[in-house]
Amino acid sequence: MRRRLRAPVVLVLLLWMFVSACSSDEPKGFASEPTATILEQTRAAAKAATAVHITGTWITQRVEYQIDMRIKADGAVGEIVTADTKIGLLRVGADLFVRGDESLYQPNDGRQDPDAAASAQVLRDKYVKVPSDDPAYARFAGFTQLHPLLDDLFQLSGTIKKDGRKDVRGVETLALVADSGRGGEVYVSLGAKPFPMRYSPGTNSGRLDLYEYDQDFPVAAPTGDQLVDYGSLNPTPVPSTGTDTDTDGSASPSPSGTGKSGSSSSPKPTRSAT
């Protein structure tokens, strides 16, 4: 009798363990909320953040930017790299400083300008303070402003579905995917605060990781030989940067390097990260 009962008992136990394992993968708590609720709380958490570290690749107008920026309300520090140039960005309060290699200060159209080349030699790897009324300020500052950057970044278009739990930099997240990724995807932390930990705007558009939320970091204005006065040199006019306009007519916070023709009596970045 005992031998005849042993097999069915074992089967029942195995079935119970299988059902328990499957049920443990079902969304619980925050992860079980509707996608609209999760997105709403995620955006609210991002808007309330006091600092963030953003790294990854951003692709716009067929230009790829490698981004590594630490940003908080009253400052930011980091760099933007493309195939052509590397730009260091530093914001202290409202003051914006740009540091780049020689290519940053060369004309966009590839022409050889001896005066621009001489200026580039002086300015390379030095910080230049950008006046707030200069078009270059708006182009670069978008990378350094915590808000509205985090307020407007996480846009998904199309039907949004949950795509299981994923590990992002050691943090358990819930993936929300729009139109199988074509409309973007965001990975939401399942920790104490539902911060967005990873974001992609769509296929072949890059991917950004966001972490070290609410962690403060020091920023200080450059001094001495680290800084070159924006108006201390007087090269011949070179093309100045302009503000990007997206297809919807809104100004883009990212530099595109298109550059609008103009003149200036002082050295300034002419490539805007391209």
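The face of helix H2 that is turned away from its buried side carries the exposed residues Ala 36, Glu 40 and Ala 48. Here "buried" means under 20% relative accessible area, "exposed" means over 50%, and "partly exposed" lies in between, with a 1.4 Å probe and only protein chains considered. Helices (H or I, at least four residues) and strands (E, at least two) are DSSP runs, numbered from the N terminus.

This is a predicted model, in which local features need pLDDT of at least 70 and side-chain atom pairs count only at pLDDT 80 or more, while totals for chains, interfaces and linings use all residues. Residues are numbered from 1 along each chain as its sequence is written, and side-chain values use heavy atoms, with hydrogens and water left out.

**Helix H2**

The buried residues of H2 are Ile 38, Leu 39, Thr 42, Ala 45 and Ala 46. They cover an arc of only 125° around the axis, which puts them on the same side of H2; the arc is that of the directions from the helix axis to the C-beta atoms. What do the buried residues of H2 pack against? Their partners are helix H5 (146–152) and the strands E7 (160–168), E8 (171–178), E9 (185–189) and E10 (196–200).

The secondary structure comes to five helices and 12 strands. Of the 274 residues in the protein, 44% are buried. The protein exposes about 14,300 Å², and carbon and sulfur atoms supply 52% of this area; accessible areas come from the Shrake-Rupley method with a 1.4 Å probe, and for residues only the protein chains shown count as cover. A contact means heavy atoms within 4.5 Å. Among contacts between residues at least 6 apart in sequence, 57% join residues at least 24 apart.

In soluble globular proteins, nonpolar side chains tend to be buried together. A nonpolar core is a set of buried Ala, Val, Leu, Ile, Met, Phe, Trp, Tyr and Cys residues joined through side-chain atoms within 4.5 Å. The largest such core here has 48 residues, and those with the most contacts inside it are Leu 150 and Leu 210. Strand E2 (residues 63–72) gives the most to this core, with five residues. Not counting residues up to four places away in sequence, Leu 150 touches Ala 46, Ala 49, Val 52, Leu 210 and Tyr 213.

The table lists pairs with their separation along the chain and between C-alpha atoms.

| Pair | Apart in sequence | C-alpha separation |
|---|---|---|
| His 53 and Leu 208 | 155 residues | 10.0 Å |
| Tyr 211 and Ile 54 | 157 residues | 6.7 Å |
| Ala 94 and Ser 132 | 38 residues | 8.2 Å |

His 53 is in strand E1 (residues 51–60) and is buried, with a relative accessible area of 10%. Its contacts, not counting residues up to four places away in sequence, include Asp 68, Arg 70, Leu 210 and Tyr 211. Tyr 211 belongs to strand E11 and counts as buried at 13% relative accessibility. With the same exclusion of residues up to four places away, Tyr 211 touches Val 52, His 53, Thr 55, Arg 169 and Met 197. Ala 94 lies in the loop between strand E4 (86–92) and strand E5 (95–100); at 57% relative accessibility, Ala 94 counts as exposed.

**Backbone details**

The peptide bond from His 147 to Pro 148 is cis, with omega near 25°, and Pro 148 is in helix H5. Asp 179, in the loop between E8 and E9, is not a glycine but has a positive phi, near 50°. Is Asp 179 buried, exposed or partly exposed? At 30% relative accessibility, Asp 179 counts as partly exposed. Asn 204 also is not a glycine and has a positive phi of about 60°. Asn 204 is found in the loop between E10 and strand E11 (206–211) and counts as exposed at 68% relative accessibility.

**Confidence**

The pLDDT is the predictor's confidence in each residue, from 0 to 100. Its mean for the protein is 78, and 69% of the residues reach 70 or more. Over residues 12–25 the pLDDT is below 50, and this stretch has one contact in the model beyond near neighbours in sequence. Residues 232–267 also have pLDDT below 50, and this stretch has 95 contacts beyond near neighbours in sequence. Where pLDDT is low, the predicted coordinates should not be read in detail.
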